[in-house]
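Dear colleague,

I am passing on the structure we spoke about, with notes on what was found in it. Please look it over before reading further.

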Amino acid sequence: MSILRRRELPMSLYIIVMVYLIFSNYTGIGTSLAGDIRSWGIAIATFAGLIGVINISYLHIMKLYQKREGWPYSIVMFICFIVYFFAAYYYKPGYDWIISNLSIPLGAAFLSGFNTLGVIFRGSKARSIWSGLILFSVTVTALLMVSLGPLISPGILDIARWIKDYPTTGVFRAVTIGIGIGILMLVVRAILGMEKSYLGEM
Amino acid sequence: MGKKLKQEYEDSIAALLFILVASIPMAIPLGIPVEIDPMTMTLYDLIEEIPDGGIVLYDLTILNWFTNFQSDIAIFKQILVRVRAGELYLVIMTEVTGPIMGIDKAWDTLKLGDLDYGTQWVYLGLIPGLEAAEAAVASDVHAAKTTDHYGTPLSELPLMERFHSIDDLALVVTGMNTSPDPPCRQFGGKGVPLILQNGISTIPLMMPYVEAGIIQAYMTPGLQTAGYEKLQGDLGLATSFADAQSTTVAYALVLMLGTNLVYHWRKRQK
Amino acid sequence: MIDWESIMFPIITLMCWSILYRHSFLWEIVQHSIVGLSLALILKFMLDFIMGNMITPIFQGSIYPAIIGLTLGLITWLRLAKSTRDFSYISFAIMTGIGTAICAIGAVGPQILAQLNVASWVAGTPVTNFNNFIMWLSTVGTIAYFIFTYKRGGLAGSVFTGLNGLAYIGRVFMMLAFGTTLGALIAEMAIMGVTGYAYYYVKPPGIYILAIGLIILIFDISRRWETFFYTPEE
């Protein structure tokens with residue numbers, strides 16, 4: 001059993017699977033097995049997602065058991081969990097009600113953009129010509145994205161459109177190329193055995 | 001020295017003003033005209049010009065009900081007009097659990113129950129794995145998922161006899177609110193048009209792909225969706241929010257410029 | 001027929017937004033509720049996926065490839081115990097290998113080769129040529145900024161002085177690009193969530209719920225007025 005614990009085994013599997021999929025894609029050989037391997041990735045992702053469910057449930061059970069600070073709220077969590085889970089299988093009207101009137105408003109309310117406000121009025125001081133350039137770009141772009149923009153000045157919107165279509169595209173093209181090259185470097189690092197982050201090592 | 005307001009309460013006041021500024025136009029519409037963006041026309045024409053008999057794959061990866069999902073609903077409405085006319089076929093998949101709730105909530109709005117399931121449209125449901133799911137669907141959808149959202153084997157659905165990989169598709173639409181890299185990597189550059197429904201802040205990230213012809217068109221929530229609803233002649237929530245979006249952006253810009261004025265004035269005083 | 005949506009949306013929104021004022025039991029309730037609901041949803045759909053795509057095919061006789069996917073998936077759960085954690089790396093390594101391969105295959109075309117096409121600087125109108133040149137310059141300048149920013153002085157500094165200049169130009173374009181991103185983010189923030197709830201607050205019963213919320217807020221502010229201020233140190 002000790003060979004299954006050695007890190008060389010997962011490293012080898014990582015490299016073999018990766019190289020096989022890349023080889024299969026570019027040669028067309030073994031595409032059936034490549035398709036099966038991709039479906040195993042989906043299976044592993046499914047079970048890995050359930051690990052999160054198990055971990056959070058365990059944390060809250062221990063919080064309840066040890067009566068740590070805020071333990072009554074863990075009861076709220078478990079009530080919501082159990083009611084929603086059983087409604088999903090056994091009581092469709094209840095499930096639909098929870099989706100429309102609890103899940104969707106909760107999900108949307110948590111995404112309110114108030115955190116950006118702090119950035120705006122604390123972090124946007126133009127201390128130099130560079131930050132002044134950013135602020136100019138911020139202002140014209142924000143006006144471009146709303147219906148108020150054309151009422152203020154069509155000329156400003158032309159400038160904003162030009163900045164979006166040419167300099168911004170060029171800069172993010174460079175970023176995209178960098179990301180693509182970074183991914184290829186990851187493949188090279190993996191083949192050389194230098195990539196071990198999935199083993200929990202830096 | 002006098003007392004000062006604590007910083008966290010300064011943030012609270014700014015947030016309260018933000019809510020007020022957003023709420024007032026909802027009660028008293030300003031009626032600011034909505035212009036139709038050229039990218040919206042491109043997207044509209046792209047969907048209208050899909051050849052008859054084409055299969056559209058709609059990949060949902062996010063549920064932001066009031067923003068991104070309203071854009072998804074608007075795109076669905078245009079596609080479903082052609083589906084009902086028997087010109088197009090629709091396959092919906094999701095990569096996370098959130099959009100499943102969105103589809104349930106939008107069911108009546110989109111009148112999905114009126115369609116012939118299995119022939120006109122198929123709901124694949126959740127395929128976990130994010131980019132791995134996209135790659136699996138693009139190469140072999142029957143290996144990625146053997147049943148639809150309701151547990152029916154794909155082999156029993158007539159539409160799925162024609163859809164095996166991305167080569168069988170006429171259009172791919174991905175609804176998301178994050179980096180466009182994954183769908184561009186998996187669905188882009190394969191000879192099938194790709195439309196992205198994505199957040200406004202991702203426009204700079206999408207522009208290189210638009211320029212390179214990987215993304216044929218994109219839709220963003222807010223003003224662009226309001227213009228899209230105007231183009232379709234079916235005004236929805238996005239149109240209601242256009243005025244409020246203008247006033248909140250104006251508030252944010254006034255806040256920003258005001259902060260700079262105060263900062264530089266105080267600097268001069270010293 | 002009760003319109004639950006018009007009642008629940010404002011109530012839940014106010015409970016979420018109570019964190020903007022101060023930490024309270026209302027915030028804790030919604031926070032734990034969304035965790036519970038999300039966990040239930042994930043568990044339901046993941047179990048349905050496992051049943052429909054792995055267990056049912058196995059029982060119907062289609063053992064391969066479902067059995068391998070199921071086995072590798074179950075191996076990931078060995079992570080939950082310290083003594084068996086090392087075995088789970090087998091599954092995670094395979095999943096990471098699949099992910100890396102998928103990204104690498106997809107990156108070559110759309111992210112690298114497609115981005116290297118340069119539009120002509122001479123073929124079109126003067127404005128088009130200028131714009132294409134600007135796009136090229138901003139791309140090259142950004143790459144130069146990240147790779148070729150050298151300290152002045154020394155052999156590398158003197159050899160790459162030209163590239164340092166290009167990096168400076170890249171910096172200008174990057175400031176414009178990041179400003180565009182922040183401007184787009186402000187436009188997105190403007191619509192994210194707040195406008196949706198404003199839709200419910202401006203009509204009954206949301207407007208009554210908002211009024212009750214404001215009364216409670218004013219009462220709490222007046223009760224805790226002194227705690228909002230501090231005396232700065234000299």
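What percentage of the 270 residues in chain B do buried residues make up? Buried residues come to 57% of chain B, where a residue is buried if 20 or more other C-beta atoms lie within 10 Å of its own, exposed if 12 or fewer, and partly exposed in between, with C-beta atoms placed from the backbone.

Some conventions come before the rest. This is a predicted model, in which local features need pLDDT of at least 70 and side-chain atom pairs count only at pLDDT 80 or more, while totals for chains, interfaces and linings use all residues. Residues are numbered from 1 along each chain as its sequence is written, and chains are lettered from A and ligands numbered from 1 in the order in which they are written.

Chain B

The secondary structure of chain B consists of ten helices and seven strands, these being DSSP runs numbered from the N terminus (helices H or I, at least four residues; strands E, at least two). Its C-alpha trace spans about 80 × 35 × 35 Å along the principal axes. Of the contacts in chain B between residues at least 6 apart in sequence, 68% join residues at least 24 apart, a contact being a pair of residues whose C-beta atoms, placed from the backbone, lie within 7 Å.

P153(B) lies in the loop between α6 and β5 (171–175) of chain B. This residue counts as partly exposed because 15 other C-beta atoms lie within 10 Å. Apart from neighbours within four places in sequence, P153(B) is in contact with T146(B) and T147(B), and its C-alpha atom is separated by 36 Å from that of L237(B), 84 residues apart along the chain.

The nonpolar core

The largest nonpolar core has 204 residues, among which V56(B) and I186(C) touch the most other members; such a core is a set of buried Ala, Val, Leu, Ile, Met, Phe, Trp, Tyr and Cys residues joined through C-beta atoms within 7 Å. Helix α7 (residues 161–191) of chain C gives the most to this core, with 16 residues. Leaving aside neighbours within four places in sequence, the contacts of V56(B) include I79(B), L88(B) and A170(B).

Contacts between chains

Where chain B touches chain A, the contact takes 49 residues from chain B and 40 residues from chain A. On the chain B side, α10(B) gives the most, with twelve residues, and that side divides into 33 nonpolar, nine polar and seven charged residues. Here Ala, Val, Leu, Ile, Met, Phe, Trp, Tyr, Cys and Pro count as nonpolar, Asp, Glu, Lys and Arg as charged, and the others, Gly among them, as polar.

The contact between chain A and chain C takes 96 residues from chain A and 89 residues from chain C, and the chain A side has 67 nonpolar, 24 polar and five charged residues. Within 10 Å of each other come the axes of helix α3 (residues 31–66) of chain A and helix α2 (residues 25–59) of chain C, which cross at roughly 145°; axes are lines fitted to C-alpha atoms, for helices over the stretch in contact, and angles run from 0 to 180 degrees between N-to-C directions. By class, this contact has twelve nonpolar, three polar and no charged residues.

Helix α4 (residues 71–90) of chain A also packs with α2(C), at an angle of about 35° and with the axes 7 Å apart. The residues of that contact divide into 16 nonpolar, four polar and two charged.

With best regards

Note on methods: Contact = placed C-beta atoms within 7 Å.
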